[in-house]
Structure formats: structure tokens, C-alpha cells
Amino acid sequence: MVLKAFFPTCCASADSGLLVGRWVPEQSSAVVLAVVHFPFIPLQVKELLAQVHQAGHVGLAVLGTWCHRRQEAEESLGHFLEGLGTIFSHEPWLQLCREQGSKLWSCKATRRQVPPCPGTPYEDQVMLVFYDQRKVLLSQLHPPAALPDCLAGDAAPSAGGLAAVFDTVARSEALFRSDRFDDGPVRLSHWQSDGVEASILAELAKRASGPVCVLLACLLSLVSAASACRLFKLWPLSFVWSKLSVCEQLRHRLEQLTLVFSTQKAENPTQLMRKANVLVSVLLDVALGLALLSWLRGKDRIGPLAEALVPVADHVAEELQHLLQWLMGAPAGLKMNRALDQVLGRFFLYHLHLWISYIHLMSPFIERILWHVGLSACLGLTVALSILSDIIALLTFHIYCFYVYGARLYCLKICGLSSLWRLFRGKKWNVLRQRVDSCSYDLDQLRLLVVAVQGLMHLLVDLINSLPLYSLGLRLCRPYRLAAGVKFRVLEHEAGRPLRLLMQINPLPYGRVVHTYRLPSCGCHPTHPWGSLCRKLFFGELIYPWRQRGDKQA
């Protein structure tokens, strides 16, 4: 039988002692976690292993002995180490030894019990696999579906064996909390033997985060209770609350802050990663919002923007008025129904006049409105973009009215022509249909431009809300933290010597990182795909700019 012994690279230069780890019988593997050095009391070693088992719910045991022959006088130590197998009984009993001043290793796995079959050897062959204990501890192994294709010459082990190794190291974190400076009864060698990684600022942040999270959680619960008041569930307010993009974004931001400042501890690494992604997303959103506010107030750009808005609106209205007057005449030399043209043209011109009057009436307050929009960027860039999207929807409401009237007439004409097509099959297209197509196309083109602008804003909001920035930064700076699998590199393969391999972590691809840790969006994105949008425009079906994806179609 071939046994796999996973040995940490940090213990390759450790003094002689006992090998502490976990035996995985399903995989015939031994995961070595630390080396216990002399002097020690066997009862104290067993008590330490019991404490680790109680903390991490992982069964550890003394797997064998480790002998590092640095001097000739230490050669007799190997005989003493072999006798420790009578105190710490384990099957099989590993004996790892590193020769003096060389890179040669010797590995043996002996069994004291009589083999069931005659002729079966008492010793098993051992394949020694080195692994970086710190990287394996800090990394998170993802499902086998995320495993990339193996490189040429690399061996891909089974996912179950890898999961056992990663899970064993992760649950044995309590074993790595002591270093050589501690005065404990047992002296160990592991990845933190030279000093436990710690930071004064990190410890202060951990201690201060508890009261801060409790206070903010109470404030957020009060805001949630206020937003759930019955007053906001009345018809006008409930309609506005569900249709405006800024309300959807504020609700989504409240859910994000509630998740970040929750006092409940994350149950698994996935939830912890989600909290970190949400926190980084909120911080980046607020930073971009403050940058926008600083840019707007840096050289007083709000005033020029407010002054330029009314001339732009007048220019748009003038272009629409020229278009309507052209359609009321003889567009492209086509003979039109003059009575119908006059009625529809004057109807649209009246709406256009109302809109221009509304813009001029609101012109004294435009600068203050833009100032409050810029001030809302303190809550994040997504909030400012949502407010801007709602303002564009209100300012282009007349265009939407034109689109609704034209789309309804166009839909009626399409239905009439389809009936005529079924009745008079084989006839040419009616000239009236060509006229309606031309008239509706310009309005649909303008409406499509407004939808495209709002769609880009909603796409940017959705990108900031859902992009897992923390996971992507972790993948960029510390790729071993997101593990898709491992690969093996051969260190030694000689006759009469154990096969020695080095286990290296394959990082998760960027696309898989985004797919795995993508955050839920606020739902204020465009409700129709572009294919469905073009189909609705062609057949004259109405497009509702406020309808969300979860709403039922009328």
C-alpha cells in the first residue's frame, strides 16, 4: 500500500520530535500539522490534542516520529524515537528522517499488527508531499467544478483528498496559537513557531468593532422600523417608493449596511467573504460619491450646469417642434391625411408647450435641486446616479407621452394591417403603413436614446452594487486565498528513495471569482433585454420605464 504523507515545509528544518496530525483512512493519507520537541510529558501532549479537538472538532493524534540528524551524536536518537511508538500507539507508525547536511530523506510506515495475508510486508511505501501550511490555512478550497485544466506534467488528486487536507489544517488553528516564546508545557514547530502573526491596530479594531456594530445595528433597526411604517404603505407613497430608482437604491443600501454591521458571526467563509465584499463595495461607492461632490463644489460647477440646462431643454423642444411641423405638412413628398395630421400635431405641440412652461417655471430651483443631488453623493455614487436617472425620467416625461400616443396608434395600424393581410393575402403593403412606420420611427429613436442613457446609469449602479471587489482584490494580491485546486511538482524521484512532491495551489480564475461571489443588485436595472426592447418597439407594445423585473406584466 502506498501512503501519502502531507508534510509542512516550515517543519523541514525543525528539531527532532513527534509528528502530530490527522490520519485520513479513506484516502490512506497522513496530514502532519506540527512537530512536538523534547522534553515533553506524554500526558501533556495528549491533553493538548484533546484541547485542539474540543476547539476545532478534529481528531488529532501522534502519527510518528521526526528525526533531523544535524550531528553525528544525534544518530543514536533514532533508536530512542522508535521506542516512542509503544507510548503513542498508531497504525501505521510514520518514521521520517532527514540526513545530515544533505537533501536526502527516508520515510517508513510500519505496522505492529500481524498482516491478515501471509507475505504482506510490515512496511508501506510512503509518498511525501510538502505543502505551505500558511497558504493552505488561509485559503478556501472551492468546489471541483472550479478546478482548471491540469498543466502538462501536473497530477490532479481527488477532490475528497484535497478537501480533507484543507479542512484539517483549517480546523486545527488552535494548535498554531503558541510559538517558541510561550512558556507552555509543550513546545511545537509549525508555521507560526517564530512568532504569532498579530497587529496592534488589528486588535484595537477588533475590540472597538463590537460596540460600534451594536450601536449602528440599533440605529439601522430604527430606520428599518420607520421605513416599514404603515404611512409608507398607503397607495401614493407605496407606488412612488416602488417605482423610483433612488428608493430602490436606498432600500438596497439599508440591507447592505444591516448585513455589514450585524452582530452575528459569519457561519462559514462564504458569508464572511460576502460581508467583506459588501463592505468594500459600500466604501468604494461612498469614496466615488465624495469625489464627485468634491469635483462639483471644487470650482462651483453646479451653477454653470444649472444655467446650461434650460438652453438645452429649449433646443430639444425646438427640434421636436420642427419635427412635428414637418410631419404636419408633406414629409418626404408623401400625401397625408391633413385633418388627422393637424389633430395629432396640435396635440403633441400642446404637450410640448406644457413641458417648456414647466421647465421655465422650475428654472429658479434647478441650481438648488442639482446642489441637493450633489449632496446626496455623500451616501454613495449609486444614490446620486439613481436620483439623476429619476430626474431624467421626469424631464423626458413628455417624450414618453409622445411615445405612448404614437405606439398606441401604431399598434392599432399594425393590427388593422394584419387583418387586411389575412383577408387580402397576396396584396402589396399599404402606403398608410409606410407612413406610420416613418412617423413612429423618429419617436421610438428618441425614446430609445432616453432608455439607453438610463440603462447605462442603471448598469453602472448595478456594477458597483454587485461587483465582488474584495474577492477580486484578494485574487489579485493573494491568489492562494481563493484556491481552485492544487498541482504537484516533483522534487525527488530516485530508486530506493521516497517520492517527494511539492503541492502548489492553483488560484481561482477571475471569471469564476465574479460568478461565485457576485453580490445581489438592487433591482433598478432595465427590465427588458435589448432584443425584447426592439421587438416591443417594432410591434408597438408599450415599454414601462418604472416596471421592475419582479412585477407582473399587465
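**Close-up 1. Leu379 sits in the loop that links helix 10 (338–375) to helix 11 (381–395).** Helices here are DSSP runs of H or I with at least four residues, strands are runs of E with at least two, and both are numbered from the N terminus. This is a predicted model, so local features need pLDDT of at least 70 and side-chain atom pairs count only at pLDDT 80 or more, while totals for chains, interfaces and linings use all residues. Residues are numbered from 1 along each chain as its sequence is written, and side-chain values use heavy atoms, with hydrogens and water left out. Which residues does Leu379 touch, once those up to four places away in sequence are set aside? They are Leu250, Arg253, Asp285 and Val286, where touching, or contact, means heavy atoms within 4.5 Å. Ala287 is 92 residues from Leu379 along the chain, yet their C-alpha atoms are separated by 9.3 Å.

**Close-up 2. Asp285 and Arg253 pair up in a salt bridge.** Two of the residues that Leu379 touches, Arg253 and Asp285, show up again here. Their closest N and O atoms are 2.4 Å apart; the rule for a salt bridge asks for a side-chain nitrogen of Lys or Arg within 4 Å of a carboxyl oxygen of Asp or Glu. Asp285 belongs to helix 8 (residues 269–298) and Arg253 to helix 7 (residues 245–260), so the pair ties together parts that are 32 residues apart in sequence. Are these two buried or exposed? Both Asp285 and Arg253 are buried, with buried meaning under 20% relative accessible area, exposed over 50%, and partly exposed in between (1.4 Å probe, protein chains only).

**Close-up 3. Helix 7 packs against helix 8 at an angle of about 130°.** Their axes are 9 Å apart. The axes are lines fitted to C-alpha atoms, for helices over the stretch in contact, and angles run from 0 to 180 degrees between N-to-C directions. That angle makes helix 7 oblique to helix 8: under 35 degrees counts as roughly parallel, over 145 as roughly antiparallel, 65 to 115 as roughly perpendicular, and the rest as oblique. The crossing is left-handed, a label used if the near helix is turned anticlockwise from the far one by less than a right angle, with right-handed used if clockwise. On the helix 7 side, look for Arg253, Gln256, Leu257, Leu259 and Val260; on the helix 8 side, Arg274, Lys275, Val278, Leu279, Val282 and Asp285. Sorted by class, this contact has 6 nonpolar, 1 polar and 4 charged residues. Ala, Val, Leu, Ile, Met, Phe, Trp, Tyr, Cys and Pro count as nonpolar, Asp, Glu, Lys and Arg as charged, and the others, Gly among them, as polar.

**Close-up 4. Helix 14 (residues 469–477) meets helix 15 (residues 510–517) at about 150°.** The axes of this pair lie 9 Å apart. That makes helix 14 roughly antiparallel to helix 15, and their crossing is right-handed. Ser471, Leu472, Arg475 and Leu476 come from helix 14, and they meet Tyr510, Val513, Val514 and Tyr517 of helix 15. The contact has 6 nonpolar residues, 1 polar and 1 charged.

**Close-up 5. Arg518 and Asp462 join side chains in a salt bridge.** The N to O distance is 3.3 Å. Arg518 lies in the loop between helix 15 and helix 16 (530–539) and Asp462 in helix 13 (residues 431–466), so the pair ties together parts that are 56 residues apart in sequence. Arg518 counts as partly exposed because its relative accessibility is 43%, and Asp462, at 13%, counts as buried. Another salt bridge joins Glu492 and Arg500, at 2.6 Å from N to O, and both of those residues are buried. The count for the model comes to 5 salt bridges.

**Close-up 6. A cis peptide bond joins Phe38 and Pro39.** Omega is about -5° here, and Pro39 falls in the loop between strand 3 (29–37) and helix 1 (42–56). Most residues other than glycine have a negative phi, and most peptide bonds are trans. Ser28, in the loop between strand 2 (17–24) and strand 3, has a positive phi near 50° and is buried at 18% relative accessible area. His57, in the loop between helix 1 and strand 4 (61–68), has a positive phi near 55° and is exposed at 61%.
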